[in-house]
Structures are given as C-alpha cells and as structure tokens.
Amino acid sequence: MQAMAGAPAADTLISANAVDYLIIALYFVFVLGIGVMARRAVSDSIDFFLSGRSLPAWVTGLAFISANLGAVEIMGMSANGAELGISTVHYFWVGAIPAMLFLGVVMMPFYYGSKVRSVPEFMFRRFGTGAHLVNALSFALAQLLIAGVNLYLLGSIVHALLGWPLWVALLVAAAIVLSYITLGGLSAAIYNEVLQFFVIVAALLPLTLIGLHRVGGYQGLRDKITEFAGSAPASAAVPPADQQLQSWPGEALSGFTSPFWSVVGIVFGLGFVLSFGYWTTNFVEVQRAMASNSISAARKTPIIGSFPKMFVPFIVILPGMIAAVLVKEIGELKAGGTPPGGASGEGVKYNDSLLLLMRDVLPNGLLGVAIAGLLAAFMAGMAANISAFNTVFSYDLWQRYIRKDHSDDYYLRIGRLATVGATVIAIFTAIVASSFSNVMDYLQTLFGFFNAPLFATFILGMFWKRMTPTAGWVGLSAGTLSAVVVAFLSKDAFGSVSRGVIPLEGQGAAFVAASAAFVVDIVLSVVVSLVTQPKPVSELRGLVYSETPRKDLVDPMEHRLPWYRRTLPLAGISLVLVTILNFLF
Amino acid sequence: MSQHEIDAPAPDAARSGRHTAGAFDIRNFIGALLGLYGVILTLMGLLGDKALDKTGGVNANLYAGIGLLVVSAVFIVWARLKPIVVPDDVEPVQDDPTRPAPKRRPGSH
C-alpha cells in the first residue's frame, strides 16, 4: 500500500501482497493439476490431438471463447475502449457473433462429419496438395508467431506487475504452458481454457462494477466522457462524445469520415470478410469444436460460445472507457499528453488502461484475482496457439509429407516434441518481439491476410462441386497477395513501408485489404475452375453440399433433445439477442 | 457413424452402473478454485484492509467473496446432480484411405 503514493517511481506498477501471491499460486496449482489429471486420459494420438472427441458442448463452447480471449484481445480491446469508446463492440457483435453462428449452422457439419482432424486436412481432401500446403504452412507459422507475441505480453505484464525480470517471467510462463500441454494434450488445454474463462470473469467483473460505482454508474460514465470530449484540446483528436457513446455508425473505429461508408466498411469488411475468414476457418477455434462428442455438440460449440462472447465487451471495453475518465495517466494520454511510466517503462500507452484501473480501484485480494485472471488469459491464448500448432505440424506436415506410415504412438511422440519445439521458438519470438515490437505488429497484420481469402475458398468449395483443385491454391495465393498489395499501397498498414497511394489508414485499410482478397479469390477461383479439371464427384461426399446425403450433416438423435438444446433454435436466440444489443448501444 | 451420444447423460444412464468422470470433472475443479478464492476474499473483506478509498466505499472483497462462494456451490451441486458418464466404449476413428495411414494399436480404447 505504501508504494501506492509514489506509483510512477515505484518498481512495480501494482503492489501485490502475500494474499495476492497466494491467490496467484493457487491458480497455478490448479492449472498443473488439470494437466496431470488429463494425462491419465491420454492413450493415443486422437486423445492427445482431438481430446478423443469426447467433450460436452458447454465445455468446448467456453473453450472456443477462451482460446480467443487472450492477451491481444483483453489488453487490445480495453485499449480500444479507452481510445475510441463503445464502437469497439463491433469487434464482438458484428465481427464475431454472425460468423460463429454461421460456422455452427452451415460449416461445422462438413468439418465434423468428414472426420478430418484439422482444417488444413479438409483443404487437402477437397483441393489436394497445393491448397493444403499453402494453408498448413501459413497457419503453422502464424501460430508460432502469435504464441510468441502472447508470451511476450505475458512476460511484460508479469514484469510490470510483480517486478520479475522479463526473461524469468518468459521462462516460467513457457514452462507452465509446456508442462500442461505435453502432459494432457488438447484435453488439458481445453479444460484449462474453461477454468481460465471463469477466473477471467471473476477478475474483470468486479473491476468493471467497482469502476462503474466510482464514476457514478453508466450515466455518470456517459456524462464524464461527454465532458472530457468537450474539453479536450483539438490537437488530441479525441472522437466526439456521440461517437464514443454510440456504436453506429462507428466512424471512430473504421477511420472513414462518411457515416455511410463507415457502416458499409464495418458490415462488409469487418463483419463479413475479416470475421468469417477468422472464425470459420481458423483451426485454433475449429479444433475446440472438433473435440466435442457428437456432430450436434460440434455445431453447438460456437453457438453456445456466442452467448458469453456477446457479453465479454461489457467486462473488457467498459473498463477501458472507465479508465479513460478515472485513471489520471490515461486521461492525460487521451488529452494529447505523454505521461511517463506504464508497463513498458517508456511512457503510458492505451494498452495499460486495464492495469492502471486495477491499481486505482482494487483492494488487495481482488487484486490477486485480477492478476491471476490476466495471467490466465495470456496462457489461454498461448496454449491454444500451441495445441493447434502441434496438431497441424504432426498430422498435416510431418505425417503427410515427411514420415508417412508410422505407428500412432510415433505421432503422439512427435506431437509432444512439436509442443516442446513450439514453446522454445515462442520464447525466441518473444525475445525478438521485446526489441522489435513494430515488426511483430506488421507480421501479425500480414498473417491476418492469410485468413481473408480462406473463407472465400472454403465456402465456394463447399457449395460448388465444379470448383477444381487448381482453383483452390490459385485463389488462395492470389487472394492473399492482393491483400498484401492493398496494405502496401495504403497509408500505414505496414508502417513506413506502406506507400500511401490509396488514402486509407487504420482499420479502414485492413477492411479494404481483406475485401480485396475475398473478391479476387472468388473471381479467380471461378475463372480457373471453368478451364481446369474438377475432382470426380465420387470423391466429394462429405465435402460438398450437393454430394453429401443430408443424414451425414445432421445428428439423427438431435430431435430427442428439448428445443433449447437444439442447434437451430439456439442460433436463433443468439441472433435475436445480438440484434437487440446493437439497437441498445 | 454410430457415435451419437447425446451431449449430456440422460438421468437413467447414471443409474445403469456406467462409471462417472468423478474427480476429473472440470466442474469440480472450477467449483474448488472459485470456492477457495471466495473464502480468501471473504476473509479479506472481514479482516483485511478494505481500501475503501479505492473502491468508493464498498467492501468489494466481501461482496466478491460471497459471490464466488455462491458460484462455486452452483458448480459443485451441478456436478453432483448430473455427473458425466464415461461411455463404455468410444468408436475408434476409422482409417481413411486418403491420408497416410495412422496405424492404430489393436485394443486401444
């Protein structure tokens, strides 16, 4: 407590005491305990990589959300909330829910029903080697990179909060993630993600409620944000109060000045191309659904996940908005100042909003829960990346191209080794990230572009039997390339490397780059398909809608469940709720 | 494919003598961890520094602690009332001619 008075001069951002440490230590005991318990259940590679396809839908549904609720999401979305206000919710209500419902209703039957073990393997069955290699390699590389970024953020937070040297924090965090995944495989990762979800909520919900109490409730927050926007100097470019307090048309988020194009950009760019590309084809997410125990549970995984997902903004974005009016440093930053301190020690950034709010409003005890929650989130993200990586590496790269016909035990061993290898690489990536953080940002942007055309290829391939293997890899490659070209021509998508030929910056540039990838992919795929040889129809069962008997795509037992546990009614409820939320905010 | 386990056990399945997941039911883990947190926070709220200047005059540890205890109880009761039933045999994944064959050990599962 005494360190609080001189916070900027103190060694750590937050002063944790023995009770806080006890709470954090308890969390790690449970994380490792789950790894050890899951170890007993692993008997072969399907257990290790796909959890034996045995988990109930509520478990995989929460893991689906948790795998994505990592460092980038929590820190990044609260930072956006502090800077831009409530329009950040579009990343959830427009940029996630519709795509998650689409994945569950339309695409999951193909993934689960075809019994593939990974998304790249679906690519292989539908389009053959070319598209498979593009997909598997880009995915594996991206996972290594993102695991490194997650680890770096985790290490820097531990450094800022507890005062450990960065390298110690990196090694300890990596060792913990490594031990529970090598022990228990995907089951350990998924069970931990479910536990993490509740710890994250236990951390962020009290923070939000106490913060709201301090600013005088939601109305008090609105008043303070309005007052702030009115009094901030013009040079700080603070978005007007109505843009910060209403989600639509969201000019602050999209960076477009025209409200009409802002809505189009958010709905088509973010809501359709970017989000469908990410949520429906990203194996990190889809793997969680593949681990469930029936086609019905697999379809319900993203749909059940959509319910917590639509309320996550209230405990992530709201604290950011509160921090902007309650935390002195964030207020100064938003008014155009450069307050010293922050997690990096190089000055306060918007990314520090959540940490500084924790410092200002939480008593010891809850502070420990909050730190445990953040650590949980960062480890969840990293564990998700690594468990998806080791599956794709073992099944899609090693088994398919390098050592083909070995025993199942052999691939289980390779999976464990891949986990160790990925963790070591993630540590090095994290060290690189600590000195070249901008480069890492641009690399993440770059890998994001591999997602954009994937959805186009998948959806065309699932519903058009004429689409050929050549069209598969040509469309993917050309789509990715066109996104990179647009980003290169924009003002700032790749930082100073971008040429500024197209007058777009920020999120707007990313929306347009992804849209270009989508359109180019569709057009080229159609053109190439018309001049090349399609696969024989007999090989398309389970992969293409028209060639798959309907009974392969649904669970014949589902009609026995009560209506509130069936796929379509649940998806309908979710869609209605998210529409209501869009009207309310 | 005959793997059509309904995603939660029917009540009569529990009575038919199939073994349950027991301690390795994630709901017990969640309940235990949140329960421990609840106890610690409640004690902090009663005995520790309430830091009322930070929370705006609310005993945040106490309320959060009680909340966590309630949630913890819900998980443990839920796990008791509807235990996870481990199916007697899980259908092994069939070998697929389009992929390099993973040779499954006979008798696994």
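In chain A, in which helix is confidence lowest, and in which is it highest?

Mentor: Happy to. This is a predicted model, so local features need pLDDT of at least 70 and side-chain atom pairs count only at pLDDT 80 or more, while totals for chains, interfaces and linings use all residues. Residues are numbered from 1 along each chain as its sequence is written, chains are lettered from A and ligands numbered from 1 in the order in which they are written, and side-chain values use heavy atoms, with hydrogens and water left out.

Now to your helices. In chain A, confidence is lowest in helix α2 (residues 45–50), at a mean pLDDT of 65, and highest in helix α15 (residues 295–326), at 91. Here pLDDT is the predictor's confidence in each residue, from 0 to 100, and helices are DSSP runs (H or I, at least four residues) numbered from the N terminus. Chain A averages 84, with 94% of the residues scoring at least 70. Over residues 1–10 of chain A, pLDDT stays under 50, and the model has twelve contacts (heavy atoms within 4.5 Å) beyond four places in sequence for them. Where pLDDT is low, the predicted coordinates should not be read in detail.

Next, the core. A nonpolar core is a set of buried Ala, Val, Leu, Ile, Met, Phe, Trp, Tyr and Cys residues joined through side-chain atoms within 4.5 Å; buried means under 20% relative accessible area, exposed over 50%, partly exposed in between (1.4 Å probe, protein chains only). The largest one has 201 residues, and Y27(A), Y111(A), L151(A), M358(A) and Y37(B) have the most contacts inside it. Helix α9 (residues 166–215) of chain A gives the most to this core, 25 residues. Looking beyond four places in sequence, Y37(B) touches I23(A), L26(A), Y27(A), V199(A), V369(A), A372(A) and L68(B). Apart from this core lies another, of six residues, including A229(A) and V238(A).

Finally, chain B. It has four helices and zero strands, and 37% of its 109 residues are buried. Among its contacts between residues at least 6 apart in sequence, 70% join residues at least 24 apart. Helix α2 (residues 26–47) of chain B also contains L46(B), which is exposed, with a relative accessible area of 52%.

Notes
Helix = DSSP H or I, 4+ residues; strand = E, 2+ residues; numbered from the N terminus.
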